[in-house]
Amino acid sequence: AETTTIMGGANCMGRMADGIRTMDATLDHVFSGECETVFVDFLKSLDAGTHEAVIVGGPHDKLDELPLPDYTQFYEQYHSFCSHDSTMNSDPACLVYEMARSSLPRDRQVVKQGSQSNQECRSRSPEHVVQELGVLLARHPNDVLCLAAPSNMSSNHQEILQALMEDHPDLLVTTAQAPPLTLDDARKLREAGVHTIHAEIEALTTTFLMAMKRSVTAVQNIA
């Protein structure tokens, strides 16, 4: 049977999808953007063979309507291949959950100095987040939860975390935060239940940061 090779993800956004496709002729299709809907359509009509090399998905305005991910096969393979690897066991796979998405194209996602939640975002409703995380943690028990969002956590997100921690007090929550992050910001995150913060330091040169439209300096990135 003929094998169809596809690729997608954060490194296939916008013009990067066309670039990746031209680098490898054996790559049949590259998915760019939010592809939950177009990927299903692609699978349904795969035999027709009429799809473009780069398939672009549009933004979803109602994140609550997206299907809940099922990680069963991932964790089955993870435990099958990594259960005897001491290195992997010391760093277990966390449960990842996407709380929000940016409403802006990637090249317009700018983090301005002194503003921790300045991006235009589409967020899941608080009730939906708590309900889905309850289902996911029951289906895939895990001690570590990684929360993904396009900008730093708002007070709304922190309230969601506090509600979640009431039901799962032993859960270790990790999240990425963009500089500058003040001591007060860090305290609020800790009070909300965040255990580990991954600083999004994209460059240690101010010139590069300005070129990427990140309105922070190298000093602010590491302060």
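User: In which sense do strand β4 and strand β7 pair, and over how many bridges?
Analyst: In this predicted model, strand β4 covers residues 95–98 and strand β7 covers residues 144–148. Glu98 stands opposite Ala148 in β7. The two strands pair in the parallel sense, over 4 bridges.

User: Which residue in β8 is the bridge partner of Cys146?
Analyst: Strand β8 spans residues 172–177 and runs parallel to β7, to which 4 bridges join it. Within β8, the bridge partner of Cys146 is Thr174.

User: What is the strand order of the open sheet formed by 3 strands, and which are its edge strands?
Analyst: The pairing in this open sheet is parallel, and the order is β1-β2-β3. Pairing on one side only marks the edge strands, which are β1 (6–7) and β3 (54–57).

User: What angle does the direction of helix α1 make with that of β2?
Analyst: Helix α1, residues 15–23, packs on the sheet and touches β1, β2 and β3. Its direction and that of β2 make an angle of about 170°.

User: Which residue in β2 is the bridge partner of Met7?
Analyst: β1 pairs with strand β2 (residues 29–33) in the parallel sense, over 2 bridges. In β2, the bridge partner of Met7 is Val30.

User: What percentage of the residues in the protein chain is buried?
Analyst: The protein chain holds 9 helices and 9 strands and exposes about 13700 Å², of which carbon and sulfur atoms supply 54%. Buried counts as under 20% relative accessible area. Of the 223 residues in the protein chain, the buried share is 32%.

Notes: Residues numbered from 1 in each chain as written. Predicted model: local features only at pLDDT ≥ 70, side-chain atom pairs only at ≥ 80, totals over all residues. Heavy atoms only, no water. Pairing = 2+ DSSP bridges. Contact = heavy atoms within 4.5 Å. Axes fitted to C-alpha atoms, helices over the stretch in contact; angles between N-to-C directions. Buried < 20%, exposed > 50% of the residue type's maximum accessible area, 1.4 Å probe, protein only. Areas by Shrake-Rupley, 256 points an atom, 1.4 Å probe, with all protein chains shown as cover.
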